[in-house]
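Keep the structure open while reading.

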Amino acid sequence: MTVEILCFHQDGCPGCEEQRTINHEMEETLGITVTDIDAVKTEGAIQKYALHVTPTILVLVNGTEKERMEGITPGPVLEKKLKKYIGL
């Protein structure tokens, strides 16, 4: 099983900066990698992932979206959701 965690952001978004800090904490706490993707500069990302707001975090399992978190996701909430997919 392959689990990918993607976080879509855009320049100048204060919420995205806050989420980036939370994501970094999750990377250290859970030993995971959160892939940061600029939703505006990455061609086709908005359409492909049906993005409406930033930040948006997607959890993909074997390439299929299993979880979507739109807006700032607080650390405790994010940790609980991610643990379902990473086997902790």
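Ile72 is partly exposed, with a relative accessible area of 39%. Partly exposed falls between buried (under 20% relative accessible area) and exposed (over 50%), using a 1.4 Å probe and protein chains only. This is a predicted model: local features need pLDDT of at least 70, side-chain atom pairs count only at pLDDT 80 or more, and totals for chains, interfaces and linings use all residues. Residues are numbered from 1 along each chain as its sequence is written, and side-chain values use heavy atoms, without hydrogens and water.

Ile72 sits in the loop between β4 (64-70) and α3 (75-86). Helices (H or I, at least four residues) and strands (E, at least two) are DSSP runs, numbered from the N terminus. Leaving aside residues up to four places away in sequence, Ile72 touches Gly15, Glu18, Gln19, Ile22 and Pro55. Contact means heavy atoms within 4.5 Å. Pro14 is 58 residues from Ile72 along the chain, with 9.9 Å between their C-alpha atoms.

The sheet is open, with four strands in the order β2-β1-β3-β4 and mixed pairing. β2 (34-38) and β4 are at the edges with a single partner strand each, so one side of each has no neighbour in the sheet. Strands pair if DSSP finds at least two bridges between them. β3 (residues 56-61) and β4 are antiparallel over six bridges. Thr56 stands opposite Glu70 in β4.

Two helices lie across strands of the sheet. Axes are lines fitted to C-alpha atoms, for helices over the stretch in contact; angles run from 0 to 180 degrees between N-to-C directions.

| Helix | Lies across | Angle |
|---|---|---|
| α1 (residues 14-30) | β1 (3-9), β2 and β3 | about 160 degrees to β1 |
| α3 | β1, β3 and β4 | about 175 degrees to β4 |
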